[in-house]
Amino acid sequence: MPGGCSRGPAAGDGRLRLARLALILLGWVSSSSPTSSASSSSTSSASFLASAVSAQPPLPSQCPQPCECSEAARTVKCVNRNLTEVPTDLPPYVRNLFLTGNHLAVLPAGAFARRPPLAELAALNLSGSRLEEVRAGAFEHLPSLRQLDLSHNPLDTLSPFAFSGSNASASAPSTLEELILNHIVPPEDERHNQSFEGMVAAALRPGQALRGLRRLELASNHFLYLPRNVLAQLPSLRHLDLSNNSLVSLTYVSFRNLTHLESLHLEDNALKVLHNGTLHELQGLPHVRVFLDNNPWVCDCLMADMVAWLKDTEIVQGKARLTCAFPEKMRNRVLLQLNSADLDCDPILPQSLQTSYVFLGIVLALIGAIFLLVLYLNRKGIKKWMHNIRDACRDHMEGYHYRYEINADPRLTNLSSNSDV
């Protein structure tokens with residue numbers, strides 16, 4: 001208990017003072033007594049001191065009840081403990097904190113605020129803890145935090161100020177260097193945000209909060225696109241992992257300011273071609289290595305510039321493994337072995353699409369034939385109906401013509417007026 005902890009050291013200090021005073025008095029007495037008495041008194045004083053020291057109560061343990069702590073390794077592990085909130089009694093020496101496999105659900109503002117503060121906490125792992133919401137300022141009061149892992153959590157709400165404090169313009173820049181957000185997309189039936197990509201992008205670009213970030217992992221999140229300028233506020237980035245998503249294009253993404261980028265992982269996406277703007281930006285990065293395996297490249301005339309770029313560049317790792325996926329006649333052809341004669345833009349569709357269009361044409365032709373047959377079988381009724389419409393229109397037009405003649409002849413007009421009177 002806090003009260004007991006505060007009284008224990010004070011009582012121990014008081015006993016130490018008494019023991020020292022007793023030693024001084026015994027030494028003063030022994031100076032005027034015989035040698036035998038001096039030895040006996042020193043023995044008694046030593047035993048008194050030992051008893052005084054042993055009487056001090058032991059310091060209470062600072063490890064949370066469901067966790068495992070190692071002060072030598074500066075590590076606390078609370079793994080698979082079904083925790084619903086972050087423990088409040090974390091030891092201040094913790095440098096590596098594992099909170100994986102729990103049921104945290106919500107990470108509120110100041111979730112790690114403690115007294116004394118967790119000033120040495122550098123690595124925080126919250127993966128697989130069923131987090132659905134991370135609120136603004138959730139990681140405040142962690143001045144040494146360098147690594148944060150939120151992977152494998154169904155994040156439906158990620159505050160734009162989750163990594164920067166409640167106000168990005170007023171708070172100090174984050175100390176984060178590694179941010180791991182792999183597989184954080186929630187299921188479709190639990191998703192409330194209209195754009196999951198936009199939510200993640202908003203959390204990555206609040207002012208200059210993450211300008212010191214060196215590693216960013218966004219793999220396995222089913223991203224269809226990357227919002228414009230999502231990387232604009234990450235100038236220190238060295239490693240970017242976008243693998244195993246559903247990216248179809250990088251047209252609106254700028255890599256121009258990532259001058260320190262060393263690795264860019266784009267494997268297992270839905271990329272069909274890299275356009276000239278993207279190729280020029282990647283070639284302008286001095287240290288980058290690009291990974292493009294397992295994308296469905298479309299080898300038509302739009303691929304000509306990318307093929308020429310692949311043959312000249314050395315930044316693409318494993319480029320000899322890149323093959324065509326469409327059209328059918330080019331399937332499994334190696335991109336580096338293509339030439340301009342192989343790349344054309346004939347409107348050749350995949351066999352499945354061709355079959356679909358043929359089936360649609362047959363259905364439409366059948367519907368048209370049935371419609372014409374119905375018209376033919378009801379030709380007499382339709383003819384009679386047309387005659388009735390024609391007669392009705394003729395009678396209507398004759399009535400308009402009669403009224404026009406009356407209004408045009410002044411004598412008939414006066415006669416009509418007199419008759420009304």
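Author: A definition to begin with: in sorting residues, Ala, Val, Leu, Ile, Met, Phe, Trp, Tyr, Cys and Pro count as nonpolar, Asp, Glu, Lys and Arg as charged, and the others, Gly among them, as polar. This is a predicted model, in which local features need pLDDT of at least 70 and side-chain atom pairs count only at pLDDT 80 or more, while totals for chains, interfaces and linings use all residues. Residues are numbered from 1 along each chain as its sequence is written, and side-chain values use heavy atoms, with hydrogens and water left out.

Reader: Fine. How much space lies in the largest pocket?

Author: About 300 Å³. A pocket here is an open set of points on a 1 Å grid over the protein atoms alone, with protein on both sides within 12 Å along at least five of seven lines, whereas a cavity is a set of points where a 1.4 Å probe fits but cannot get out; lining residues have an atom within 4 Å of a point. Points are joined across faces, edges and corners, and the volume is the space filled by probe spheres set on them.

Reader: Which residues are closest to its centre?

Author: Phe 139, Glu 140, Leu 142, Ala 172 and Ser 174, out of 18 residues that line the largest pocket. By class, that lining has 10 nonpolar residues, seven polar and one charged.

Reader: And the second largest pocket, what volume does that have?

Author: About 200 Å³. It is lined by 12 residues, and Thr 88, Asp 89, Leu 90, Pro 91 and Pro 92 are the closest to its centre. Its lining is made up of six nonpolar, three polar and three charged residues.

Reader: How many cavities of 30 Å³ or more are there?

Author: One. The largest cavity holds about 40 Å³ of space. Its lining divides into nine nonpolar residues, no polar ones and one charged. Among the lining residues are Glu 197, Val 200, Ala 201 and Leu 204, along with Leu 218 and Phe 223.

Reader: Which residues of H3 are buried, and what covers them?

Author: The buried ones are Phe 196, Glu 197, Met 199, Val 200, Ala 201, Ala 203 and Leu 204. The cover includes strand S8 (157–158), strand S9 (178–180) and strand S10 (215–217), where contact means heavy atoms within 4.5 Å.

Reader: What caps its N-terminal end?

Author: Ser 195 does, with a side-chain oxygen 2.9 Å from the backbone nitrogen of Gly 198.

Reader: Different topic. How many disulfides does a search find?

Author: Four in the whole structure, a disulfide being a pair of cysteine sulfur atoms within 2.5 Å. With the bonded cysteines numbered in sequence order, the pairing runs 1-3, 2-4, 5-7, 6-8.

Reader: What does Cys 63 pair with?

Author: Cys 69, at 2.0 Å from S to S. That link is right-handed, with 85° about the S-S bond. Cys 63 is partly exposed at 23% relative accessible area, and Cys 69 is partly exposed at 28%.

Reader: And Cys 67, buried or exposed?

Author: Cys 67 is buried, as is Cys 78. A disulfide joins these two at an S to S distance of 1.9 Å, and it is right-handed with 105° about the S-S bond. Cys 67 sits in the loop between helix H2 (35–54) and strand S1 (68–70), and Cys 78 in the loop between strand S2 (75–77) and strand S3 (96–98), 11 residues apart.

Reader: What about Cys 301?

Author: Cys 301 is joined to Cys 345, S to S 1.6 Å. The torsion about their S-S bond is about -80°, so this disulfide is left-handed. Cys 301 is in the loop between strand S14 (297–298) and helix H5 (304–312), and Cys 345 is in the loop between strand S16 (324–326) and helix H6 (351–377), so the pair ties together parts 44 residues apart in sequence. Cys 301 is partly exposed at 34%, and so is Cys 345 at 42%.

Terms used:
Buried < 20%, exposed > 50% of the residue type's maximum accessible area, 1.4 Å probe, protein only. Helix = DSSP H or I, 4+ residues; strand = E, 2+ residues; numbered from the N terminus. Polar contact = N/O pair within 3.5 Å; in protein donor to acceptor, adjacent residues only side chain to side chain.
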